[in-house]
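Welcome! Here is a friendly briefing on one protein, to be read with its structure beside you. Take a look at the model first, and then we will go through it topic by topic.

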Amino acid sequence: MQFLFSVIADSTDLADADEMAAIDVFNEGLQAGGHWVLAGGLGGPDRATTIDNRRGAGIITDGPFSESKEFVVGFWIIEAADPDQALALAMEGSRACNRKVEVRPFL
């Protein structure tokens, strides 16, 4: 099963050196354990653009789709045997990046 780990932040501050080192160790563990699919960091909400082309509206808006103190700052896509394993891995990822992590299965 594949899962999306969304890294949630409430500040546009980048990870510090200790957090980056812990994230690197976590990523290496994911790769070694066969869980790694893809990961990446995202620009802050100030760099977002929202497109709404429902019914051909063609609306382009600067900024995120919703106003919120918290936002997605990065993600992992991982492979796990089951939801319990995914949650255990997300606990490690949250500790490594020092941020909240939301877990969702791919359908």
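In this briefing, contact means heavy atoms within 4.5 Å. The model is a predicted one, where local features need pLDDT of at least 70 and side-chain atom pairs count only at pLDDT 80 or more, while totals for chains, interfaces and linings use all residues. Residues are numbered from 1 along each chain as its sequence is written, and side-chain values use heavy atoms, with hydrogens and water left out.

**The overall picture**

- The protein has two helices and six strands, where helices (H or I, at least four residues) and strands (E, at least two) are DSSP runs numbered from the N terminus.
- Starting at the N terminus, the order of these elements is β-α-β-β-β-β-α-β.
- Along the principal axes, the C-alpha atoms fill a box of roughly 45 × 35 × 20 Å.
- Of the contacts with a separation of 6 or more, 78% come from residues 24 or more positions apart.

**The four-stranded sheet**

- Four strands make an open sheet in the order β2-β5-β1-β6, with antiparallel pairing; two strands pair if DSSP finds at least two bridges between them.
- At the edges are β2 (36–41) and β6 (100–105), each pairing on one side only.
- From one strand to the next, the twist averages 20°.
- Five antiparallel bridges link β2 with β5 (residues 71–79), and glycine 40 stands opposite phenylalanine 75 in β5.
- β1 and β5 also run antiparallel, joined by eight bridges, and here glutamine 2 stands opposite glutamate 79 in β5.

**The hairpin**

- Strands β3 (residues 49–52) and β4 (residues 59–62) pair in the antiparallel sense over four bridges.
- Six residues lie between β3 and β4 in this hairpin, and arginine 55 in the turn has a positive phi of about 55°.
- Aspartate 52 stands opposite isoleucine 59 in β4.

**The helices**

- Helix α1 (residues 17–32) lies across β2 and β5, at about 25° to β5; axes are lines fitted to C-alpha atoms, for helices over the stretch in contact, and angles run from 0 to 180 degrees between N-to-C directions.
- Helix α2 (residues 83–97) packs on the sheet and touches β1 (2–9), β5 and β6, with its direction at about 155° to that of β6.

**A closer look at histidine 35**

- Where is histidine 35 found? Histidine 35 sits in the loop between α1 and β2.
- Histidine 35 counts as buried because its relative accessible area is 12%; buried means under 20%, exposed over 50%, and partly exposed in between (1.4 Å probe, protein chains only).
- Beyond its neighbours within four places in sequence, histidine 35 is in contact with Leu30, Ile77, Ile78, Glu79, Ala80, Gln85 and Leu89.

**Burial across the protein**

- Of the 107 residues, 27% count as buried.
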